[in-house]
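Have a look at the picture before reading on.

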Amino acid sequence: MMMDTIVNNLSEWPIRIDVELLKSVQNNLVQAKISNCTLANELWYLKQFMLIRMQYVKIFDMLKNKQYSEAWESLAKIENTIIMIKDTFEIPQIYHIDYILEYIHKIQKFYPYKFFTSREEIIKEMKCGICGTVVNPAKSCGHEAGRVYCGVLCTYEITKLDLISLAIVENPYDKYAVLKLSDKEHNYDLLDFLMNGLSDAYEEWDYMEKQVPKPEFKSAFMNKPCPCGSNKKYKHCCYGKEYTLMPHIEVIIKNPKKKLGDNIIISNGLWKDKE
Ligand SMILES: [Zn+2]
Ligand SMILES: [Zn+2]
């Protein structure tokens, strides 16, 4: 029975990509849409889990090849899909989807993307992707966006909206709108450092955020002049002050297959000058 084969494939870790199986899920889904809605819905979810797992492995290769923005978009896409599915479906633990979501968030943390543009808008009119009915926030067609109807995901297409403003935000509703500067480029040192230490997409790793002394304060002596140049003794000047510290991220790889280098790394900022 194909169902068992799919569930077995989804339970495998490390992920084994089976293109033929995906094709047959796709074909069966097309059939089931006509004849068996319950089966169609089930196949739709299983197909998503297969795609999520495949995409997760692809992202690792993208990052190894320094395709940072492509990888970022894929990360956001999988993240959105998983969060949406969790609303309507209890995902079996054994598919490792929660694990993937956790690692998506960890990888995102290593990106220098901290600012995003965000649109403030008023939606005036939308069209239901299932029945084609034009709806507005006050009038619904009965289909709910994010639900699956007979093997088809319901989405709403916005057909009329009023744009109110554009803002720069740190926690965007959608992570696609990364803020870019014309004369600077993003600094991917932190992400590169992480990727250099990882051998494959299944390696378990974690990180710790720390505060450590800035280089100039690292070897300051209590009774010697303060590195800030005040001519006061360090202990009476900058000692213990917050501005002498800077953020570090320490990467911990569970069973490293290769040497990570100096395990404590310093972020050199989010941007560098364009070459
Ligand atoms: Zn509808
Ligand atoms: Zn000082």
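Some ground rules. This is a predicted model, in which local features need pLDDT of at least 70 and side-chain atom pairs count only at pLDDT 80 or more, while totals for chains, interfaces and linings use all residues. Residues are numbered from 1 along each chain as its sequence is written, and chains are lettered from A and ligands numbered from 1 in the order in which they are written. Helices (H or I, at least four residues) and strands (E, at least two) are DSSP runs, numbered from the N terminus.

**Helix against helix**

Two packed helices are described by the angle between their axes and the distance between the axes. Axes here are lines fitted to C-alpha atoms, for helices over the stretch in contact, and angles run from 0 to 180 degrees between N-to-C directions.

| Helix pair | Angle | Axis distance |
|---|---|---|
| α1 (residues 2-11) and α2 | roughly 135° | within 11 Å |
| α2 (residues 19-35) and α3 (residues 37-64) | about 155° | 9 Å |
| α3 and α4 (residues 68-88) | roughly 155° | within 10 Å |

Back to α3 and α4: their axes cross at roughly 155°. That makes α3 roughly antiparallel to α4 (under 35 degrees counts as roughly parallel, over 145 as roughly antiparallel, 65 to 115 as roughly perpendicular and the rest as oblique). On the α3 side, the residues that meet α4 include Tyr-45, Ile-52, Tyr-56, Ile-59 and Leu-63, and their partners in α4 include Ala-71, Leu-75, Ile-78 and Ile-82. Contact means that the C-beta atoms, placed from the backbone, lie within 7 Å. Sorted by class, this contact has 11 nonpolar, four polar and two charged residues. For that sorting, Ala, Val, Leu, Ile, Met, Phe, Trp, Tyr, Cys and Pro are nonpolar, Asp, Glu, Lys and Arg are charged, and the others, Gly among them, are polar.

On to α2 and α3, which pack at an angle of about 155° and are therefore roughly antiparallel to each other. This crossing is left-handed. From α2 come Leu-22, Val-25, Gln-26, Asn-28, Leu-29, Ala-32 and Lys-33, and they meet Leu-39, Ala-40, Leu-43, Trp-44, Leu-46, Lys-47 and Met-50 in α3. The tally for this contact is 10 nonpolar, two polar and two charged residues.

Then there's α1 with α2, where the axes cross at roughly 135°. That makes α1 oblique to α2, and the crossing is left-handed. Met-2, Thr-5, Ile-6 and Asn-9 in α1 meet Leu-21, Ser-24, Val-25 and Asn-28 in α2.

**One side of α6**

Helix α6 (residues 189-197) has Leu-190, Leu-191 and Leu-194 as its buried residues. They cover an arc of only 95° around the axis, so they sit on the same side of α6; the arc is that of the directions from the helix axis to the C-beta atoms. Buried means 20 or more other C-beta atoms within 10 Å of a residue's own, exposed means 12 or fewer, and partly exposed is in between, with C-beta atoms placed from the backbone.

**Loops and a strand residue**

The loop between α1 and α2 holds Pro-14, which is joined to Trp-13 by a cis peptide bond with omega about 0°.

Lys-66, in the loop between α3 and α4, has a positive phi near 60° without being a glycine. With 12 other C-beta atoms within 10 Å, Lys-66 is exposed.

Cys-150 isn't a glycine either, yet its phi is positive at about 50°. Its place is the loop between β3 (148-149) and β4 (152-153), and Cys-150 is partly exposed, with 15 other C-beta atoms within 10 Å.

Gln-93 belongs to the loop between α4 and α5 (97-109) and counts as exposed, with 10 C-beta neighbours inside 10 Å. Gln-93 and Ser-11 are 82 residues apart along the chain, but their C-alpha atoms are separated by 9.0 Å.

Finally, strand β5 (residues 156-169) contains Glu-157, which is exposed, with 11 other C-beta atoms within 10 Å. Leaving aside neighbours within four places in sequence, Glu-157 is in contact with Met-126, Lys-127 and Gly-129.

Methods. A crossing is left-handed if the near helix is turned anticlockwise from the far one by less than a right angle, and right-handed if clockwise. Two residues are in contact if their C-beta atoms, placed from the backbone, lie within 7 Å.
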